[in-house]
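Student: I have a new model open and would like to learn how to read it. Could we go through it together?

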Amino acid sequence: MAERAELIPVYIMGKRYDVPASLTIMKAMEWAGYTLVRGVGCRGGFCGACSTVYRIKEDPKLYFGLACQTVVKPEMYLGQIPFFPAARASYDITRLEPVASTLFQIYPELLRCLGCGTCTKACPQELNVKGYMAAAMRGDIEAVANMSFDCIMCGLCAARCPAEEPQYNIAILARRLYGRYLAPRSEHLQQRVDEIQAGHYNNELVELKSLDVEALKTQYKARQIEA
Amino acid sequence: MTYTPEMLEMIKVVEASRQRRLKETFPAMSMEERERVLKGFHPDYIQEGMRPIRVGVCKGDRTPNELADVLEGRPLISPDFDLSQPEFETDVLVVGGGGAGASAALLAKENGAKVTIVTKLRFGDANTMMAQGGIQAADRPEDSPAIHYLDVIGGGHFTNVPDLVEALVMDAPIVIKWLEELGVMFDKTPDGLMMEEHGGGTSRKRMHSARDYSGAEIMRTLRDEVRNRPDIEVIEFCAAIELVLDDQGQVAGVVLLNMETNHYFYVKAKSVILSTGGSGRLHYQEFPTTNHYGATGDGIVMAYRVGAQLAFLDTMQYHPTGAAYPEQILGLLVTEKVRGLGAQPVNVKGEQFVYPLEPRDVESAAFIRECRERKLGVVTPTLQPCVWLDTPMIDLIQGPGTIEKALPAMVRQYKRFDIDMAKIPILVYPTLHYQNGGVQMDANCHTNVPGLFLAGEVAGGIHGRNRLMGNSLLDVCVFGRRAGLSAAEYQKTAKPGSPNLEHVSTWNREMDEAGLNGALQSPVLLPKYTRQS
């Protein structure tokens with residue numbers, strides 16, 4: 001770390017701290033002395049626990065990012081907003097139909113979307129949130145599923161939405177509808193499940209389990225590796 | 001571009017050999033060669049990193065120093081903590097909100113139990129969420145559960161518990177089907193064929209994926225499904241810190257700590273499923289880790305204190321490809337799928353030095369050897385040793401745009417630091433990834449403590465001394481489901497006695513007798529990352 005000792009000022013909850021310029025927002029807060037409980041999770045950009053809104057001094061713009069993936073900048077104002085859940089409907093996925101009206105029935109507020117694009121600007125994954133909301137209003141479940149696939153459900157879209165849409169909850173409904181009903185069924189999977197449940201492989205497994213290590217090694221070495 | 005000018009020069013060497021390397025693959029090691037590189041270079045064989053545990057039922061067993069420290073910790077509560085007023089009662093208490101806990105809760109609920117999930121941080125913020133590469137299941141005609149069994153047990157150096165491996169491979173296609181019906185978007189061809197790839201140590205292509213958000217896709221779907229069952233209560237930011245037994249020695253619930261108010265409280269339960277995950281955040285031998293913030297081995301500590309047997313806790317998994325540069329992402333996972341799709345590990349001379357898909361422990365040991373013994377690694381400005389992973393090969397082999405489509409999370413991670421991994425190689429080094437061992441259980445997730453069940457990484461024996469890629473997402477679903485079912489069955493006939501904390505007194509006495517007067521209290525719950533002043 002020696003050659004990276006350059007310190008820059010950041011403001012955490014209003015207080016100034018001088019922190020190494022190479023740190024992420026999360027590590028900078030820890031460096032400043034915070035033991036994080038909220039606003040921290042996987043630390044690898046997947047769980048959405050550490051979404052962050054920040055400003056830079058003299059710059060009126062709001063910026064968005066994940067605290068675990070965003071490097072600090074000089075004069076950054078940080079105030080972690082803990083995750084709060086957006087409106088979410090309960091449903092029985094086995095009783096739904098994969099049609100446009102399902103989206104509208106479960107989330108009637110969907111049709112209130114103004115198309116302003118504030119959600120897209122807020123997304124730390126750089127998803128086209130406005131675009132998938134438009135697809136949802138058209139009832140194109142497959143498009144919503146694909147366009148929203150990289151969503152980490154951090155909630156920044158919903159937190160910023162002037163129409164109070166729960167975008168990320170609408171998106172997961174669409175993905176589950178797509179995965180269960182619209183994606184092509186896997187026939188070979190069903191076939192294998194049937195075989196297993198019919199006891200087709202039981203004897204083979206009983207025999208394998210009874211082998212000693214030497215016999216297992218022989219079989220292991222003899223495996224043909226699929227190209 | 002974040003690479004230094006020196007690195008950019010080195011990249012030219014990697015590029016110069018690329019066309020030739022596209023046509024050749026480094027040969028896989030024989031069993032004897034594997035053995036040699038493991039013994040010489042794998043962290044599990046570094047003797048100073050380990051010591052025998054000095055108290056409890058596995059006294060004398062060797063484990064990493066950092067794990068021994070927490071196993072030998074003092075309980076956070078005293079034996080006279082008041083259990084007379086439980087905050088609430090439930091049939092099945094699931095401790096941990098990852099993939100194993102969510103699967104367990106769903107199955108316990110379906111089998112008629114009252115279910116509560118408690119989790120230290122947020123529901124779903126777990127290692128499951130971070131798994132990128134995929135989930136194994138033998139569901140193609142060319143494959144079978146028996147072949148999967150051989151791959152698992154060979155990868156584990158023939159030490160795995162056979163009944164657990166059988167459960168894993170036989171349930172695998174059933175789990176994939178279950179997930180498909182819950183709406184998980186697996187990668188498929190237009191006619192419904194699962195798109196399956198190799199992982200390290202597999203003899204058939206059976207790695208199912210959901211781009212490189214495989215774990216996230218499974219976790220968010222399971223979490224969504226739990227939330228669709230309003231009668232499964234989920235309590236977040238409350239960590240289990242001590243199990244409670246009754247006068248019959250059966251599990252009678254847990255003591256929880258509210259992480260924000262520091263309030264301790266007792267929850268009475270007829271059965272407890274520990275699905276607390278692993279322990280990468282203990283940073284064995286000071287390795288960086290891919291693990292979630294909460295992975296501090298809490299479940300092992302709690303189970304051990306009530307007399308549960310441990311297994312294979314002298315072996316940890318170091319994932320060969322942790323990000324080594326830039327420093328901000330040090331230790332983060334570069335999924336094995338990158339090698340599965342054709343990227344080769346390459347040394348500073350632009351040469352291959354290891355078969356790209358050896359089992360993880362062997363691959364890691366080979367990386368460490370290349371840097372430490374042969375001195376053919378790259379060294380970053382922060383003195384981190386590493387090797388190249390030649391990612392541009394993927395689009396050359398699989399067609400332009402493959403990386404973007406198949407590895408969006410990886411591409412995004414590097415793009416944040418101005419590195420386009422489709423065009424330029426990345427730097428990697430082994431990172432602490434998985435706890436191969438854990439608490440012992442049978443194939444239906446029973447431990448030797450009545451009423452205590454396990455699911456996921458906290459359990460040991462399934463993977464023996466080394467786990468293959470794609471078998472942990474599988475493990476959390478297979479044994480999560482089994483634990484949920486077993487606990488739901490158990491509680492139907494359970495006859496709870498009177499709860500007490502006698503085991504805490506016994507533990508403290510044993511600690512005193514062993515002369516262990518250290519102040520460390522465990523479970524430790526969170527790593528200490530604030531600056532030491």
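Tutor: Gladly. What covers the buried residues of α6(B) includes α8 (187-197), α9 (202-210) and α10 (213-221) of chain A, together with β5 (135-136), α7 (162-182) and α15 (471-493) of chain B. Helices (H or I, at least four residues) and strands (E, at least two) are DSSP runs, numbered from the N terminus.

Student: How many residues of α6 of chain B are buried?

Tutor: A residue is buried if 20 or more other C-beta atoms, placed from the backbone, lie within 10 Å of its own. In helix α6 (residues 145-155) of chain B, ten of the eleven residues are buried, among them H148(B), Y149(B) and D151(B). Just after α6(B), H157(B) takes a positive phi of about 60°.

Student: Which confidence values does the predictor give the complex?

Tutor: This is a predicted model, with an ipTM of 0.97 and a pTM of 0.95 for the complex. Local features need pLDDT (confidence in each residue, from 0 to 100) of at least 70. Chain B averages a pLDDT of 96.

Student: Into which domains is chain B divided?

Tutor: Domain bounds come from an automatic or database assignment: here, domain 1 (5-41 + 317-432) and domain 2 (88-315 + 436-502). The contact (C-beta atoms, placed from the backbone, within 7 Å) takes 25 residues from domain 1 of chain B and 27 residues from domain 2 of chain B. On the side of domain 1 of chain B that touches domain 2 of chain B, β12(B) gives the most, with four residues.

Notes: Residues numbered from 1 in each chain as written. Chains lettered and ligands numbered in written order. Predicted model: local features only at pLDDT ≥ 70, side-chain atom pairs only at ≥ 80, totals over all residues. pLDDT = per-residue confidence, 0-100. Buried ≥ 20, exposed ≤ 12 C-beta atoms within 10 Å, placed from the backbone. Contact = placed C-beta atoms within 7 Å.
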